[in-house]
Amino acid sequence: MSEKKQPTKILDVKDLKVSFKTYAGEIQAVRGVSFDLYKGEVLAIVGESGCGKSVTAQTIMRLVPSPPSFIKEGSITFDNKSDITKLSERAMEKIRGSEMGMIFQDPMTSLNPTMTIGKQIAEGLIKHQGLNKEQAAERSVEMLRLVGISNPEGRIKQYPHELSGGMRQRIMIAIALACSPKLLIADEPTTALDVTIQAQIIELMQKLQEKTETAIILITHDLGVVADMAQRVVVMYAGKIVEEGSVDDIFYNPKHPYTWGLLKSVPRLDLEHKSDLVPIPGTPPDLFAPPKGCAFAARCPYAMDICLQQDPDKFEVTNQHKAACWLLHPDAPAVEPPVGKGGKVHA
Amino acid sequence: MLKFVIRRLISMIITLFLITTVTFFLMMNLPGDPFGEMSQKMSAAQRAVLYQQYGLDKPMFQQYLQYMGNVLKGDLGVSFQYPNTSVNEKIAQSFPASLELGLWALLIAVVIGLLLGIIAALNHNRGLDYAAMFTAVVGVSIPSMVLGPLLSYYVGVKLGWFPPGLWDTPKHRVLPAIALGFSTVAILARLMRTSMLDVLNQDYIKTAKAKGLSQTSTVIKHTIRNAILPVITVLGPIFVNVITGTLIVEQIFSVPGLGKHFVQSIQTKDITMIGGLTIFYSAILVVVIFLTDILYGLVDPRIRLAKGRK
Amino acid sequence: MMQLKKELFAPVKRDLDQERIVRPSLNYWQDAWRRLKKNKLAMTGLIILILLTLFAIFAPFISSYDYATQDYDVTNQKPSLEHLFGTDQFGRDLWVRIWWGTRISLFIGLAAAVIDLIVGVLYGGISGYLGGRVDNIMQRASEIVYSIPFLLVTILLIMYLEPGISTIIIAYSITGWVPMARLVRGQVLQMKEQEYVLAARTLGAKPLRIILKHLIPNALGIIVVQITFVVPNAIFVEAFLSFIGLGIKPPLASLGSLVSDGAQTMRFYPHQMLLPTAVFSLILLSFNLLGDGLRDALDPKMRK
C-alpha cells in the first residue's frame with residue numbers, strides 16, 4: 001500500500017485528456033484524469049464500458065492509434081524519468097514490452113494465429129534483452145512453466161488455435177512478463193473467460209505479482225476481481241475519475257452515488273441478508289458533447305440543481321480517499337448511502 | 001489436412017469428367033458438317049472414308065467412350081481442318097509461349113499488386129492510399145483488350161521503346177506481359193489492401209506492438225504474413241483470368257501461343273481442336289486451383305493442423 | 001472554492017425519461033446515403049453513369065444517322081460537326097454506333113444483374129436458409145459449376161447457339177451467378193444465427209416472413225455492392241467475346257466490337273479506337289468507383 005516506507009513512484013498521470021476525431025467532431029474519451037502508482041502496488045480502474053478506462057490504459061503505452069486519437073493535454077511520467085506523452089515512437093518501442101507489459105481482454109484474438117507460441121514469447125526477449133534464438137526459446141519455456149503451463153517444451157511449438165482460452169491468457173501473461181516489466185497493464189484480463197478459469201487467472205496474477213513486485217493497473221468492470229487483487233481503486237465515469245481511494249474506502253465507505261450504483265449492481269455472497277441486484281438506470285452521456293455539469297447527474301437519484309450547472313471538484317474524505325460529488329459539499333443535504341459500512345445494503 | 005486434400009481431389013476429378021463430357025456432346029451436336037467446306041467438295045465415298053477415319057460412323061455412345069478413353073490416355077485427337085496435326089502436337093508446340101507470357105504477367109501482377117496494397121494499407125486514408133487505390137481502380141477499368149492495342153501502338157510503334165508485336169527476344173515479352181498483367185495488378189492491390197487493413201485491426205497486432213516490436217517488424221512478421229493468406233486463395237482464379245486473357249493478348253501482339261490457335265480454331269470451326277483445347281485449358285485451370293488450395297492449407301497452420309473435418 | 005448559493009443544493013425535479021439523444025439517429029440507408037454523398041469519387045461515378053445512360057438512350061434518336069447505313073463517300077472521317085465522332089471504314093456514323101454500342105453493353109450488364117438477383121440471390125438464400133443436407137448438396141453443385149472456367153463454357157456455348165445478345169446472356173446465366181449465390185449464402189448463414197432472427201423464430205414467425213422481413217433487408221447491402229461489380233464484369237465478358245469474334249454480329253455494334261474493330265485500324269485512324277475505348281473504360285471505371293463507395297458506405301463496420 002502507499003504507506004510503505006520508501007515507496008517508489010512508477011507512474012504519475014496528470015490531467016490526461018484524450019480525444020478522438022470523427023466525422024461529427026471530437027469525442028472526448030478521457031477528460032482530465034490524474035492518478036499515480038507505486039512499486040508493487042495494484043491499482044484498479046473500474047467503470048462501465050465506454051467510460052474511458054481502456055483508453056486511459058492504452059494511452060499509457062501509447063497504443064491508441066493516432067489518428068484518430070490524440071492526447072490533448074496532460075502528462076504521464078513513467079519511472080520518474082520521461083513524459084510518455086512526449087516520447088518519440090522509437091523511444092516508446094524501447095519501453096513497451098521491456099518496462100511495461102500489457103494483457104488484453106480477449107485471449108482468443110490477441111495471439112497471432114500463424115506463429116508458434118514460442119516465437120511469440122521470444123520476440124520481445126530477442127528485441128529487448130538481445131538474446132539469440134536458443135536463449136530466447138529457453139527463456140520462453142521458463143516463462144511458460146512460470147505461468148503454470150504443463151509440458152512447456154512441447155507447447156512452444158504449438159499454435160494458438162491448439163490451446164484453450166485460459167491457456168492463451170496464460171501465454172499472454174507470459175508474453176507481458178517475459179522481460180520483467182516494472183508496470184503491467186491488465187485490460188479486462190478475465191472478462192472473456194469462463195468463471196472457473198477467471199479465478200485461476202486471478203490467482204496466477206496474484207502469485208506472480210507477489211513474486212515480481214510488478215506494479216499493476218487492473219482495468220475491469222468486475223468488482224469481485226478488484227476486491228481480490230487491488231489495493232487502491234479509481235472509479236471512472238464518462239472520461240473522468242469520480243472517486244478514488246483504498247479498496248476498503250471504496251467497498252465500505254463509498255461516497256459517490258455512481259460508486260453506490262456500481263456496488264448495488266454486483267451480486268454478493270458475503271452479505272447477511274439477500275438483496276436484489278439494482279441496475280443503474282439510464283446510459284452514460286454522449287462524449288461528443290459532455291454535459292456542462294456533473295456527467296452522472298442525469299442518472300443520479302440525488303441530483304441537485306448545482307449538479308446540472310457545474311462539474312464538482314474533488315472533495316477529500318481522507319488524504320487518499322477523494323470523490324467528485326456535490327453531496328460532499330457542506331451545504332448539501334445529508335444523504336443516507338444505500339450501501340454502507342461492512343458492505344451492508346440498506347434496502 | 002489429408003481429408004481436405006482428398007475431398008478437393010475428388011471434386012477436381014468430377015469437374016474434369018463433367019467438362020470433358022459436356023465438351024464432347026457439345027462438339028458432336030454442333031450444327032453443320034464437321035468438315036465444313038471441305039466436305040462439300042468430296043464425293044459421298046470420300047466422305048464415308050473420312051468419317052470412318054475419325055470414327056464418326058459409329059454410334060454416339062461408342063464414340064463418347066472412345067473419346068473419353070483417349071483423353072484419359074492424354075490423347076486429345078486430331079484436327080479436323082489439318083488432318084496431319086494432332087491437338088497434342090499443337091499444344092506442345094505453342095503452349096510454352098502462352099505459359100511464359102502468363103507467368104510473366106502473373107509475376108508482375110503479384111509483385112506490384114502486393115506492394116501497392118501494402119503501401120496503401122499502411123498509409124490508410126492518407127494521400128498514398130488514395131493514389132494507390134485510384135491507380136488500382138483505373139487499372140480494373142482498362143482491360144487488356146484496351147490496353148494492348150494502346151501499348152502496342154503508342155509505346156511500341158510511336159515511341160519505339162519495345163517491339164509492338166511478336167515473341168523473339170526478351171524485349172518482345174515486355175508489352176504483352178504488361179498488357180496482360182495490368183488489371184490483375186489492380187485486383188491484387190485492392191485485395192491485399194483490404195486484407196492488410198483487416199489484419200491491422202486485429203488484437204494480435206496490438207499485442208505485437210505492446211511487446212515493443214518496431215513498426216517494421218510488426219508489419220513484416222505479423223501483418224503481411226497473415227494478410228497474404230486470403231490473397232493466396234485467389235491466386236487460382238487469378239491464374240485463370242490471366243490464362244484466358246492470353247487469348248486476347250496473343251491476338252493483339254501476334255504472339256505464337258496456344259491462345260492464338262484457340263481463337264483461330266474457333267473462327268475456322270475446327271471442332272476437335274476446340275474441344276481438345278477446351279479440355280486442356282480446363283484441366284490446367286482446375287489443377288492450378290486445386291494446387292493453390294493445397295498451398296493455402298500448407299501455409300495456414302489452422303488448416304494444416306486441423307484433424308478431422310474441414 | 002467560490003461561494004455557492006444555498007438554493008443550488010435543492011434536489012432537481014424531473015421527468016423520469018429525460019434522456020437526450022445528442023447525435024441525430026439515422027437509419028441504415030440514410031446513414032449509407034450520407035456517407036456515399038460525401039464520397040466524391042463514388043458520386044462522380046454515379047453521375048457519369050447517369051449521363052452515359054441518358055446518352056445511350058437518347059443520342060441515337062436525336063442523330064439523323066443510324067448505326068447500319070454505310071456511306072462510301074465518307075469513310076474513315078475524323079470527328080467533325082457533321083459526324084461528331086467521325087465515321088468508320090464503311091462510312092457509318094460513329095457517334096450513333098458508339099451510343100448504340102453503349103446501349104447494348106449496358107443492356108447486357110443489366111440483364112446480368114437481373115439474373116444475379118433472381119438466380120444468385122435465390123440459390124444462395126435457399127441454400128443458406130435451409131442449411132444442413134440441402135445446403136451441402138447445393139454447395140457442392142455450385143462449387144463444380146464455379147470451377148468450370150466460365151469463358152470456356154461460354155465459348156463452347158456460343159459456337160453451339162448463334163452469336164448475339166441473347167446467347168451472351170444465356171451463357172452468363174449458366175455460370176455468372178455463383179459468386180452472388182456464395183455471398184448471399186454466407187450472409188444468410190451468419191444472420192440466421194443472430195439473436196433477433198432466433199427471437200423471431202421462437203415467436204413463431206413463418207420462414208417466408210423471416211426471409212422477407214429480416215434476412216433480405218439485411219443482405220441487401222452486400223447484394224447492391226455485388227451488383228455494381230457484376231454489371232461491369234458482364235460488359236467485359238461481352239467485349240471479350242466480341243474481341244475473339246464470338247460477340248455481337250455486325251452491323252449491330254457493342255462497345256466490345258467497336259473497340260475490337262478500332263484496334264485493327266488504330267494506326268491510321270486512332271479516333272476509331274480511342275473513342276469507344278474511352279466510353280468503355282469510363283463505364284467500367286464509374287461502376288467500380290460507385291461499387292467501392294457503396295461498399296464503404298454500406299459496411300456498418302466502417303461506421304465511425
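# A tour of two interfaces around chain B

Start by selecting C:Asp292 and B:Arg190, whose side chains form a salt bridge with an N to O distance of 2.9 Å. Keep in mind throughout that this is a predicted model. The pair you have selected is one salt bridge, and the rule finds one across the interface of chain C and chain B.

**Stop 1: the chain C side**

Now select the helices of chain C that touch chain B. Helix H4 (132-147), helix H5 (150-160), helix H9 (207-243), helix H10 (255-265) and helix H11 (270-298) of chain C each give at least two residues to that side. Which helix gives the largest share? Colour H11(C): with 12 residues, H11(C) does. Colouring the side by class shows 27 nonpolar, five polar and five charged residues.

**Stop 2: the whole contact of chains C and B**

The contact takes in 37 residues of chain C and 44 residues of chain B. About 3600 Å² is buried between chain C and chain B, and carbon and sulfur atoms account for 77% of it. Next pick out C:Leu156, C:Met159 and C:Tyr160, the residues of chain C that lose the most area to chain B; together they make up 19% of what that side buries. Polar contacts between chain C and chain B number three residue pairs, counted with both residues at pLDDT 80 or more.

**Stop 3**

Move to chain A. How much area do chain A and chain B bury between them? The value is about 2100 Å², with 57% from carbon and sulfur atoms. To see where chain A contributes, select A:Pro113, A:Thr114 and A:Glu123, which supply 26% of the area that chain A buries against chain B, more than any other three residues. The contact involves 27 residues from chain A and 21 residues from chain B.

**Stop 4: a salt bridge and its surroundings**

The rule finds one salt bridge across the interface of chain A and chain B. Residue pairs in polar contact between chain A and chain B come to 14, again with both at pLDDT 80 or more.

Finally, show strand S6 (100-103), helix H3 (117-129) and helix H6 (165-177) of chain A, each of which supplies at least two residues of the side that touches chain B. H3(A) gives the largest share of that side, five residues. By class, the side of chain A that touches chain B holds 11 nonpolar, 10 polar and six charged residues.

Conventions: Residues are numbered from 1 along each chain as its sequence is written. Chains are lettered from A and ligands numbered from 1 in the order in which they are written. This is a predicted model: local features need pLDDT of at least 70, side-chain atom pairs count only at pLDDT 80 or more; totals for chains, interfaces and linings use all residues. Side-chain values use heavy atoms; hydrogens and water are left out. Contact means heavy atoms within 4.5 Å. Buried area is the accessible area (1.4 Å probe) that two parts lose on being put together, summed over both. A salt bridge is a side-chain nitrogen of Lys or Arg within 4 Å of a carboxyl oxygen of Asp or Glu. A polar contact is a pair of N or O atoms within 3.5 Å; within protein, one must be able to donate a hydrogen and the other to accept it, and residues adjacent in sequence count only if both atoms are side-chain atoms. Helices (H or I, at least four residues) and strands (E, at least two) are DSSP runs, numbered from the N terminus. Ala, Val, Leu, Ile, Met, Phe, Trp, Tyr, Cys and Pro count as nonpolar, Asp, Glu, Lys and Arg as charged, and the others, Gly among them, as polar.
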